[in-house]
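Colleague: I've just opened this one and I'm a bit lost. Could you walk me through it, one feature at a time?

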Amino acid sequence: MPVVTLEGRGDFTEWREAARRLLISGVPPEAVDWRENADAGSDLFDRGADGRQVPAPTVSATSTLTVPKSFLDTAAAAICHADPARFAILYRVLNRLQRDRNLLSLTTDEDVAMLNGLVKSVRRDSHKMTAFVRFKEVGHRAGSERRRFVAWFEPDHYVVARVAPFFQRRFFDMDWMIATPRGVAAWDGAVMEVSSAPGQKSPMSDDTEDLWRTYFSSIFNPARLKVRAMQSEMPKKYWKNLPEASLIPAMIAGAEASVAAMAERAATDPPAFHARVRPAPDGQGSVVPSSRMTLEDVRAEAAGCTRCPLHCNATRTVFGEGPPDAPVMIVGEQPGDQEDLAGRPFVGPAGKLFDTVAQQVGLDRKSLYVTNAVKHFKYEMRGKRRLHQRPDAGEVEHCRWWLDLELALVKPRLVVAMGATALFALTGARPKIADVRGQILYPESGPGVFVTVHPSFLLRIPDAGRREEETARFAQDLARVAELAAHPSIGQAR
Amino acid sequence: MKKSLKERLAILSDAAKYDASCASSGTVKRSSADTGGLGSTEGSGICHAYAPDGRCISLLKILMTNFCIYDCAYCINRSSSNVERARFTVEEVVWLTMEFYRRNYIEGLFLSSGIIRSSDYTMEEMVRIARALRVDHNFSGYIHLKSIPEASPLLVEQAGLYADRLSINIELPTDAGLARYAPEKRPGNIRRSMGELRLKIDAANDPTLQTKRRQRFVPAGQSTQMIVGADQANDRVVLATSARLYGSYGLRRVYYSAFSPIPDASRKLPLIKPPMMREHRLYQADWLYRFYGFEIDEITADQPDGMLDLKLDPKLAWALANRQFFPLDVNSATREALWRVPGLGTKSVKAILSARRLRRLRLEDLARLHISVKKVRSFLVAEGWTPHRLIDRSDLRTMFDPKPEQLDLF
């Protein structure tokens, strides 16, 4: 039986070379005796138990050996594991891969599960190394400005070479060296040296550790003691090299007493500065008499509107905007997702469509007063999306207070109702839009109401051809509005 | 006499511990090898230490100052509290961050502050710290800034250029609760700043026409925190609020913080044992909502008082209340259906899907994936296994109830 002795300190190449030779020579997995010897030199490599050399492969090493890329990544990680069985597991999987290329996808296979287990431990160990290495500062190197730091760490596996690039990315502007029993890595600003030879632990101290320990004990909340949760993430085996860990037993022991002290201590009177720093009342609640209200006053008051429950779930009131003496007022249904976030009407997809079409027919958005029948966004959550919900009659009624104030203050000559909700808010009636579209309706009081569809209706038409048709009709409607807007007596005729 | 740096560090980290977030993940990759300075971010975060409260210590989480003009009842730093006060200078915060970072104690800085003078003044000082770290000290580590409520949008925008994450705390699940316990905070304004920040983040994520490059602006997004157990809101209300926050403002995380006794507590609030199990269940429910395709209504529907079951995790509680959904065939059920099986996580479902393309799976196969067969077998059909009457057993719940002696853990 061939004996293969590897150094086994995380070097993937030595195993790969050995495995390649064995595989090409057709040596089955069960026939190999993999051994680990830290002192192994190349002369020990490939000798049979009786000292016989394993026959050199008769075919060229590049001939037929291919493996999936995922195996190389997996194997390079697994080889760092300290378990002596890793060589054999890897060789077994390598062998089986020659017959079954999809083997690694078979996560429930015993060999694959074992391999994945090795990789998982190595990844965890690597991650813990990035977390628990603690640098201590040592004096400058002679003739150098760069600060110098050293650390001693004890990983479970041969992960130093895997993790070293992380430290290089992170600590580029300082010299550092991490020594471990399983290898050493060092960086001096120009070259990173990594060796698998064991490093030396040397006693050192660092003044900043004291501040770190202060932080560690102060950030701890004694009322939420969860020792097991701590230990599962920061097992005791790491504690000896963590400057903060020696505080832990006392922190745990004192926790109960400090919580009891908090409970016993009676509430105290506020300190003197409390009264001085009370913020001045911000003027909310001052009421302007409605007869002298301007549009800005109404807008400010509407911002705090709680007339209906919609305000609880919406971000903010979306009040109308436009010239306070605009001849034409556009009324939509309610703000949507984007309007709710931005606090401005008609800025979402439907608003953009409206702007585009209006521009095409020569209607300048800046000359229009644009608002909605309901000023808060009504929606329901569907997964992580807010889906628009049509406001009900009650909500429209409540919000008509604001719409009426806008109408009274802006005094438009013509109002455009886009969609059924706007039409209902403006006229109190609910005819089918199709029956009254393009007409000017005259409510009991106020200006005439021109009826058209809401632009979001266009966005919801799935068929492109029909959508185009309807958009053209909408453009016709807006063109008519532009025409009416230019006419001095619009909306007045009856 | 001026307190030493160490004394102030003790005060200002003690004052910061009630903020649950310590995440350093979800940001872009950066490396000091590219900048010649210090610091890197790797995408996933690193917890550099754990305190005995089980919480990860990833960032230097401190307050710039714990003086505050607000008087929020639940807060250790409220103006009426007799807690000791202190303040860091900009340079001190920068020094602490850099020196802790160099020793690999932390991933970066999580800076919050009491409000001094005005919201804008406070926010401006915090932005100065972030700018000093990024610009003057060439620091590429993680920075999380807590936005100050009412700070001007312009300052928030500047903060977003330097910070990986911005957060603003919603504090309590309902507006009424906030009005009662945090009289100076305006829930409407908190939502407004979240909305504005979302629009800015979305805009920055839109590749520009010229360069197709994305502008770097708060790459790790925004988060928030809700205190549970201080007011009367039940879990259904808490989770519905979270869902709205996720949906409306694209938050990366909503943190739940079990209301915990503070030194010199307000008379308005009882000193209770923090409801840690409730907090844990809320996080589990939050996870189901974000990663397992559950709607919030489904999770809380079968809980009569709107509270999650403290004894059973929310997925198991849902499964026991919806037995008609089971058993599922592990060899044919969809990914989304398997996510709903108690005992299967997203990773094990992925492994199952990978393996079952090649083999019909048996219970033993699941065991090899480190799945608890005892837990899943009542809900699954596998090759050679049918859970006969199991799913119909009236005592199914008792099979999963925790053993009484485990309770004192929580």
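Modeller: In chain B, the centres of domain 1 and domain 2, taken over C-alpha atoms, are 42 Å apart. Domain 1 covers 5-218 and domain 2 covers 323-409. Before we go on: this is a predicted model, where local features need pLDDT of at least 70 and side-chain atom pairs count only at pLDDT 80 or more, while totals for chains, interfaces and linings use all residues. Residues are numbered from 1 along each chain as its sequence is written, with chains lettered from A and ligands numbered from 1 in the order in which they are written.

Colleague: How do I read the radius of gyration, and what is it for chain B?

Modeller: It's taken over C-alpha atoms, and you hold it against a globule rule: 2.2 Å times the number of residues to the power 0.38. Chain B has 24 Å, close to the 22 Å the rule gives for 410 residues, so chain B is as compact as a globular protein of that length. Its C-alpha trace spans about 75 × 55 × 40 Å along the principal axes.

Colleague: And what radius of gyration does chain A have?

Modeller: Chain A has 38 Å, whereas a compact globule of 494 residues would be near 23 Å. The box filled by its C-alpha atoms is roughly 115 × 75 × 50 Å along the principal axes.

Colleague: Which residues have the most contacts inside the largest nonpolar core?

Modeller: In soluble globular proteins, nonpolar side chains tend to be buried together. A nonpolar core is a set of buried Ala, Val, Leu, Ile, Met, Phe, Trp, Tyr and Cys residues joined through C-beta atoms within 7 Å. Here the largest has 174 residues, and A:Leu90 and B:Ala130 have the most contacts inside it. A second, separate core of 49 residues includes A:Phe319 and A:Leu478.

Colleague: Last one: how many residues does each chain bring to the contact?

Modeller: Two residues are in contact if their C-beta atoms lie within 7 Å. Chain A brings 68 residues and chain B brings 70.

Definitions and conventions
Buried ≥ 20, exposed ≤ 12 C-beta atoms within 10 Å, placed from the backbone. Domains from an automatic or database assignment.
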